[in-house]
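This report concerns a pocket and the aromatic ring pairs of one protein model. Please consult the sequence and structure shown here alongside the text.

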Amino acid sequence: MDRRTEAVAPLTRPETGATDRARAAPVVSLRGAALAYGDRVLWRDLDLDVRPGEFLAVLGPNGSGKTSLLRVLLGRQQLTAGTVTVLGRSPCRGGRNIGYVPQQKYLPAHTMLRARDLVRLGIDGHRWGLPLAPRTVRRRVDEILESVGAMPYADVPVGRLSGGEQQRVRIAQALATDPRIMLCDEPLLSLDLQHQRTVTTLVDGRRRSADTAVVFVTHEINPVLGLVDRVLYLAPGGFRVGPPDEVMTTSTLSRLYGTQVDVVRVRGRIVVAGAPDAATVHHHATGPNGGRGP
């Protein structure tokens, strides 16, 4: 069970309206972007802007390049073609203004790294030169852990925490640099519904309070359906970008997969039936917000 409390995101700023957001300079921008491994093209001709305060969900089957897109934004993977800028510059490793929540991996129970140690690495693990004052760092660590409801287990080894508790700590680590962008890679995997809600509430709380852009990779849109501004759907037949009501449709997904895919809405949830689970279908899809696949 999660040792709880609801999220209060640190360093709050006025919430940005949709009109102001549209005028703001993008924090992520891709133009004609393509990514391939050898002869296998994951995606190409991708034009995408993500603006401050926007929540972008990235969906698609296994092998479609969702995690690879985050690696590009983190400066860990080079594009095959096209350009990318993050906060107006070429992406680089260890950028201070990017908070990264990696895919969940359970740590061995004997791991002695405590929750507060992990968050401290987010504050000064990348720094060169003179260290920060220990009292200042400890106060900042405590503030961040408190903001995500993780203070009750601040001194517990991470390997002894539940999956939901570990994800709270990872989000705290991502918040440690006061990020302008949060990149979340399948943060809901292996979590029950209660912990999924906790994670999405924490991430969305940060977005709303600090105008932080969120790029959220997930296999399942329903836990974030009420939060998402746009969806980027990557599939064997290309991609589509737009509001959920435009992207998550029978006609759009059938085009992207090159086979019949049914999308049904039931009690506010989206059910997708017939979509292949791996990138094995190769048809082209085009449209005003769509791109061609390999």
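In the classification by residue type, Ala, Val, Leu, Ile, Met, Phe, Trp, Tyr, Cys and Pro count as nonpolar, Asp, Glu, Lys and Arg as charged, and the others, including Gly, as polar. The model is predicted.

**Second largest pocket**

The volume of the second largest pocket is about 250 Å³. Its lining comprises 15 residues, of which Leu59, His219, Glu220, Tyr233 and Val272 are the closest to its centre. Ten nonpolar residues, three polar residues and two charged residues make up this lining.

**Aromatic pairs**

Two aromatic pairs are found in a search of the whole structure. Their geometry is tabulated below.

| Pair | Centre-to-centre distance | Angle between planes | Class |
|---|---|---|---|
| Phe55 and Phe216 | 5.5 Å | 35° | tilted |
| Tyr233 and Tyr257 | 6.1 Å | 80° | edge-to-face |

The pair of Phe55 and Phe216 connects distant parts of the chain, 161 residues apart. Phe55 belongs to strand S3 (residues 55-59), whereas Phe216 belongs to strand S7 (residues 213-217). Phe55 and Phe216 are both buried.

In the edge-to-face pair of Tyr233 and Tyr257, Tyr233 is located in strand S8 (residues 230-235) and Tyr257 in helix H8 (residues 250-257), so the pair ties together parts 24 residues apart in sequence. Tyr233 counts as buried because its relative accessibility is 6%, under the 20% limit. Tyr257 is likewise buried, its relative accessible area being 1%.

Definitions and conventions. Residues are numbered from 1 along each chain as its sequence is written. This is a predicted model: local features need pLDDT of at least 70, side-chain atom pairs count only at pLDDT 80 or more; totals for chains, interfaces and linings use all residues. Side-chain values use heavy atoms; hydrogens and water are left out. On a 1 Å grid over the protein atoms alone, a cavity is a set of points where a 1.4 Å probe fits but cannot get out, and a pocket is an open set with protein on both sides within 12 Å along at least five of seven lines; lining residues have an atom within 4 Å of a point. Grid points are joined across faces, edges and corners, and a volume is the space filled by probe spheres set on the points. Rings of Phe, Tyr and Trp (its six-membered ring) pair if their centres lie within 6.5 Å; planes under 30 degrees apart count as stacked, over 60 as edge-to-face and the rest as tilted. Helices (H or I, at least four residues) and strands (E, at least two) are DSSP runs, numbered from the N terminus. Buried means under 20% relative accessible area, exposed over 50%, partly exposed in between (1.4 Å probe, protein chains only).
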